[in-house]
Amino acid sequence: MELRHLRYFIAVAEAGSFRVAAERIHITQPAITRQIHDLEAEVGVALFERSSTGVALTPAGEHMLKDARAVLGKLEDSIRAARHIGAGLAGSLRVGFVENVSWDGVVPTAFARFQAQAPDLQLQLVPANSPEQLRQIEADTLDGGFVYAFDALPAGLRLLPLQHRHAVLAVPKQWGWPEDRRVAARSLREKRFVLFPRQTYPAYYDYLIRCCHRAGLTLDIVQEVTTEAAILSLVSAGIGAAIVNASNRSRPPDRVTFLDFADLKVKIPLGFAYAPKNRNPALLRFLELLEALSAEMPKS
């Protein structure tokens, strides 16, 4: 039995006539008659009662018609789903992100546009720091991730550059510093700082320390915590100041003041990391969207 047998059977059942069914599906009447005979021979029971005025379904034919429609309907659903998956409109996409990139700029815009383009696709978002994302992309537990890339990516991964963020100074609001103040790095020598441990992201840690040294600032680090959310919690509590991503201004803690530096420049390069060997069609569509967005948006 082939799918065409079911299609011909449904056509005859709906038309009530071999001649009319043949005209509708554009084959000859002898051909469709022969196919129905072959189907009945394989099933082992008559599916139609023939008369001079046409044909009618037998009880066995009525039962088979319901199942035949279900089979072809399921097949059409499968074909449609396969086409959507192949076009990157269905299936799933696992994307990592550093939490602060999702508050403004290219990343939330990308997520919103992609969901609008592919509403049937499951977009799985996984918050993680940049080194952890790269490990997961290598292990194929992420399709890609928005990372801050301060050194070369592992072999086999590629980076699509997107934007440059910058760093600002976060101080406890209880210090009473005006928000429009621009701060010279050298003036902070006697201040206590909260920072992340070097093992969290060695490349960024070393880069940040170098930038501070060039500006004449040696950080007096009194406490280390692994996330910027935790760092800002300690700043809120008055433990010390911190140098953080300017994106935090989009979600400012109530007890923290953010200030620009007058002489300290810390560029934070944002990009999308992925493995070119990953042929997930949804990833390819997402990359196309990111390339278009990157051309639209300012680089810093």
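This note walks through a few local features of the structure above, which is a predicted model.

1. Two packed helices are described by the angle between their axes and the distance between the axes. For helix H2 (residues 18–25) and helix H3 (residues 29–43), the axes come within 8 Å and cross at roughly 110°. Since angles of 65 to 115 degrees count as roughly perpendicular, H2 is therefore roughly perpendicular to H3.

2. Which residues make this contact? On the side of H2 they are Phe18, Arg19, Ala21, Ala22 and Ile25, while H3 contributes Gln29, Ile32, Thr33 and Ile36. Sorted by class, the contact of H2 with H3 has 6 nonpolar residues, 2 polar residues and 1 charged residue.

3. Most residues other than glycine have a negative phi. The phi of histidine 26, however, is positive, near 60°, although the residue is not a glycine. Because its relative accessibility is 73%, histidine 26 counts as exposed, the cut-off for that word being over 50%.

4. A second residue of this kind is aspartate 140, which is not a glycine and yet has a positive phi of about 65°. Aspartate 140 is placed in the loop between helix H6 (130–138) and strand S5 (144–148). Is aspartate 140 exposed or partly exposed? Its relative accessibility is 45%, so aspartate 140 counts as partly exposed, a term that covers values between the 20% limit for buried and the 50% limit for exposed.

5. Helix H8 (residues 228–236) can be read from its buried residues, which are Ile231, Leu232, Leu234, Val235 and Ser236. What covers these buried residues of H8 includes several strands, namely strand S6 (158–172), strand S8 (192–195), strand S9 (220–224), strand S10 (242–245) and strand S11 (256–261). After H8 comes glycine 238, and the phi of glycine 238 is positive, near 85°.

6. The last point concerns alanine 292, which lies in helix H9 (residues 281–296). With a relative accessible area of 39%, alanine 292 is partly exposed. How many residues along the chain separate alanine 292 from glycine 73, and what is the separation of their C-alpha atoms? The two residues are 219 residues apart along the chain, and their C-alpha atoms are separated by 37 Å.

Definitions and conventions. Residues are numbered from 1 along each chain as its sequence is written. This is a predicted model: local features need pLDDT of at least 70, side-chain atom pairs count only at pLDDT 80 or more; totals for chains, interfaces and linings use all residues. Side-chain values use heavy atoms; hydrogens and water are left out. Helices (H or I, at least four residues) and strands (E, at least two) are DSSP runs, numbered from the N terminus. Buried means under 20% relative accessible area, exposed over 50%, partly exposed in between (1.4 Å probe, protein chains only). Axes are lines fitted to C-alpha atoms, for helices over the stretch in contact, and angles run from 0 to 180 degrees between N-to-C directions. Angles under 35 degrees count as roughly parallel, over 145 as roughly antiparallel, 65 to 115 as roughly perpendicular and the rest as oblique. Contact means heavy atoms within 4.5 Å. Ala, Val, Leu, Ile, Met, Phe, Trp, Tyr, Cys and Pro count as nonpolar, Asp, Glu, Lys and Arg as charged, and the others, Gly among them, as polar.
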